[in-house]
Each structure stands twice: as structure tokens, then as C-alpha cells.
Amino acid sequence: MGKKKKGDEPKEKKIIRKGPPVSKKQTVFAVAHIYASFNDTFVHVTDLSGRETIARVTGGMEVKHDRDESSPYAAMLAAQKVAKICKDRGITAVHVKLRATGGVRSKTPGPGAQSALRALARNDLQIGRIEDVTPLPHDCTRRKGGRRGRRL
């Protein structure tokens with residue numbers, strides 16, 4: 001390596017921004033799909049059509065132990081990370097679609113659903129509509145457990 005010359009000073013780094021150029025006052029909407037089961041919590045942000053993924057983080061990606069994947073703390077960390085990515089890409093507002101496991105299983109969202117939604121709101125993302133999109137059965141296959149149910 002040679003000596004430094006006078007012209008070798010560090011240049012200003014250009015900020016590389018992904019996403020369309022928008023002004024700060026303009027609201028750009030996306031859809032936040034929050035899937036909260038009792039085993040994990042997914043926070044997945046797509047464009048309005050749902051075709052293009054902007055960010056996807058799960059509770060299991062944020063904590064070390066398997067037992068903590070569905071916890072409210074892991075969901076909060078996942079939502080904070082998603083909110084940061086969304087802001088970097090120019091998203092300022094989200095519509096929320098909240099989903100539980102559904103079908104013949106549990107129709108109530110897991111413990112991470114509420115904290116993920118709160119974390120999105122507290123990280124300067126405006127919340128548009130909140131919708132429950134849990135799949136509900138319309139007379140379907142038989143639930144597990146047998147004729148006499150689960151015996152404890």
C-alpha cells in the first residue's frame with residue numbers, strides 16, 4: 001500500500017434508497033399481514049396488491065429460544081424491524097390484516113398479535129384499516145380429537 005495523496009479523501013456516501021421517490025408529506029400505503037399463532041408470529045408487509053413483499057420478519061428470527069417465538073416481546077421486536085425496513089423503502093402507512101390459525105384449529109390470535117400491532121403504530125407508521133382475515137370453516141372436515149374429544 002502506498003502513501004495517501006491529497007485527492008484521496010473520503011467522498012460523501014450517497015444514500016441508496018429502495019422504493020419509489022416520494023415526498024415526506026405524502027402517505028404511501030402498504031398491507032401488513034400479521035399471522036399470530038401460538039407457536040410463532042409473522043409480520044409480513046406487502047404492497048397493496050399483496051404480490052410484492054416489502055419486508056417479512058418472524059418472532060423466531062428475533063429470539064434465541066423456541067419457547068419465546070410466539071411471545072409478545074418477540075412480536076414487538078419483529079414489528080420494530082419491519083417498521084424500520086418500511087420507512088427505509090418509503091412506506092408511511094399500513095393497512096393491517098390480522099390472522100389466527102383458523103380452520104378447524106384456534107380462531108383466536110396468539111399472544112404476539114396485539115404487541116406487533118402496537119409496535120407498528122409506535123414506530124411512526126400510520127395505521128389505516130384493521131381487518132381480521134382468520135379463515136373460518138363453512139362446514140368442513142372433522143376436527144381432531146375423536147368422537148369423545150380430548151380426555152385430560
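**Exercise 1. Aromatic pairs**

Task: Determine how many aromatic pairs a search of the whole structure finds in this predicted model, and classify the geometry of the rings of tyrosine 35 and phenylalanine 42.

Solution: 
- Step 1. The ring centres of tyrosine 35 and phenylalanine 42 are 5.9 Å apart, and ring centres must lie within 6.5 Å to pair.
- Step 2. The ring planes meet at 40°. Planes under 30 degrees apart count as stacked and those over 60 as edge-to-face, the rest being tilted; the pair of tyrosine 35 and phenylalanine 42 is therefore tilted.
- Step 3. Tyrosine 35 has a relative accessible area of 23% and is partly exposed. Phenylalanine 42, with 29%, is partly exposed.

**Exercise 2. The sheet**

Solution: 
- Step 1. β1 (residues 29–36) and β2 pair antiparallel over six bridges, and four residues lie between them in a hairpin. Within β2, histidine 44 stands opposite histidine 33.
- Step 2. β2 and β3 run antiparallel and are joined by five bridges. Threonine 46 has threonine 53, in β3, as its bridge partner. Six residues separate these two strands in a hairpin, and glycine 50 in the turn has a positive phi of about 85°.
- Step 3. β4 (residues 93–99) and β5 run parallel, joined by five bridges; leucine 98 has aspartate 132 of β5 as its bridge partner.

**Exercise 3. Aspartate 47**

Task: Describe where aspartate 47 lies and which residues it is in contact with, leaving aside its neighbours within four places in sequence.

Solution: 
- Step 1. Aspartate 47 belongs to the loop between β2 (41–46) and β3 (53–58).
- Step 2. Its relative accessibility is 25%, so aspartate 47 counts as partly exposed.
- Step 3. Beyond those sequence neighbours, aspartate 47 contacts Val31, Glu52 and Ile54.
- Step 4. Alanine 32 is 15 residues away along the chain, and its C-alpha atom is separated from that of aspartate 47 by 8.8 Å.

Definitions and conventions: Residues numbered from 1 in each chain as written. Predicted model: local features only at pLDDT ≥ 70, side-chain atom pairs only at ≥ 80, totals over all residues. Heavy atoms only, no water. Buried < 20%, exposed > 50% of the residue type's maximum accessible area, 1.4 Å probe, protein only. Contact = heavy atoms within 4.5 Å. Phe/Tyr/Trp six-rings, centres within 6.5 Å; stacked < 30°, edge-to-face > 60°. Pairing = 2+ DSSP bridges.
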